[in-house]
Amino acid sequence: MVEELRQEYLVGEEIGRGRFGVVHRCSALSTGDIFAVKSIDKSQLSDAIDREGVELEATLACLASIDNPGVVPVHAVYENTDSIHLVMELCEGPDLLEWLHVQPKPQVSEPEAAIIMAQLMQTVAICHKREIAHRDIKPDNILFDRDGRVRLSDFGSATWFGTQNSMENKLSGLVGTPCYVAPEVLRGGEYDEKIDVWSAGVVMYIMLSGGAVPFGGDTPADVFGAVLRGNLRFPFRIFEGVSSAAKDLMRKMICRDTSRRLTAEQVLMHPWIVTGGTVMDRS
Ligand SMILES: Nc1ncnc2c1ncn2[C@@H]1O[C@H](COP(=O)(O)OP(=O)(O)OP(=O)(O)O)[C@@H](O)[C@H]1O
């Protein structure tokens, strides 16, 4: 652990763990304020893309969180040659994945899902305006603060697509999580920030289906095949009570043709979001 972190914070119990990071609760020794600290052991990162991601994570998480209440604020960063530690606001609530598992009813209601989607897409729209693509939107990276407000976390796969960074603002690299990743990422060519809209659409589908994924399979290869085919279906037994407005929005987010896929800004203007998921036309 970096010495300055040890001098300024008391690191407590583990509260989360991902592929790269271990997250602990911690308290500032000077004020007693409670935070979360995500620690990444750099020696565990064998892949060049992963190493690049870790270096960028702190910078992009800070940039994304300025005047953007939907991103977990980063309070301090400590780094040495072996590890990097991000001291962040502690999100007290469960992440969306845990929250979906503790739902007493099988499906999230449309108004509940619309609030989550509106907050998520406002956050994503601000990130995209700042030329930051998150590239790993999924329920485990959607946290809730103590007021129940959505906080997008884990900028470990994020990248900056500013004009000086890459030709014609195009991105590349195989990143993301199988069920949520957009087909253009899997195809291996260039892509843009609309990959986040696809992943957010998959999150919406999971919320309204009570946990079913649009593109599943027994192995990652099966999932990738299903994503590449991109054949979006709304099985009647699962989506019987879901409005056609919600399905219309999901079709426009989980859309293989990127020129027709909505931008994050356009998602915010869709009638299902604007009416807070209260459109009553069931189909
Ligand atoms: N600020 C926070 N407050 C509370 N819990 C957090 C916070 N940040 C992360 N966590 C918890 O720690 C877990 C792992 O964090 P995170 O997703 O950032 O790690 P990671 O190694 O980058 O994960 P991934 O495998 O998704 O790349 C999260 O799923 C969440 O439950």
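Q: What lies 2.9 Å from an oxygen atom of the ligand on the D154 side?
A: In this predicted model, a polar atom in the side chain of D154 is at that distance from the ligand oxygen.

Q: How much of the ligand does the protein bury?
A: The protein buries 91% of the 620 Å² that the ligand exposes when taken alone.

Q: Which polar atom of F20 is 2.9 Å from a ligand oxygen, backbone or side chain?
A: The F20 atom is a polar backbone atom.

Q: And what about D95?
A: An N or O atom in the D95 side chain is 3.4 Å from an oxygen atom of the ligand.

Q: Which residues come nearest to the ligand?
A: There are 21 residues around the ligand, and R19, F20, G21, K38 and E89 come nearest.

Q: How does that shell divide by class?
A: The shell has nine nonpolar, eight charged and four polar residues.

Q: Which strands supply at least two residues of the shell?
A: Those strands are β1 (9-17), β2 (21-28), β3 (34-41) and β5 (83-89). The largest share, three residues, comes from β1.

Q: Changing topic, where does S83 lie?
A: S83 is part of strand β5.

Q: Why does S83 count as buried?
A: S83 counts as buried because its relative accessibility is 10%, and the cut-off for buried is under 20%.

Q: Which side chain does S83 contact?
A: The side chain of S83 makes a polar contact of 3.1 Å with the side chain of H85.

Terms used
Residues are numbered from 1 along each chain as its sequence is written. This is a predicted model: local features need pLDDT of at least 70, side-chain atom pairs count only at pLDDT 80 or more; totals for chains, interfaces and linings use all residues. Side-chain values use heavy atoms; hydrogens and water are left out. A residue is near a molecule or strand if one of its heavy atoms lies within 4 Å of it. A polar contact is a pair of N or O atoms within 3.5 Å; within protein, one must be able to donate a hydrogen and the other to accept it, and residues adjacent in sequence count only if both atoms are side-chain atoms. Accessible areas come from the Shrake-Rupley method with a 1.4 Å probe; for residues, only the protein chains shown count as cover. Helices (H or I, at least four residues) and strands (E, at least two) are DSSP runs, numbered from the N terminus. Ala, Val, Leu, Ile, Met, Phe, Trp, Tyr, Cys and Pro count as nonpolar, Asp, Glu, Lys and Arg as charged, and the others, Gly among them, as polar. Buried means under 20% relative accessible area, exposed over 50%, partly exposed in between (1.4 Å probe, protein chains only).
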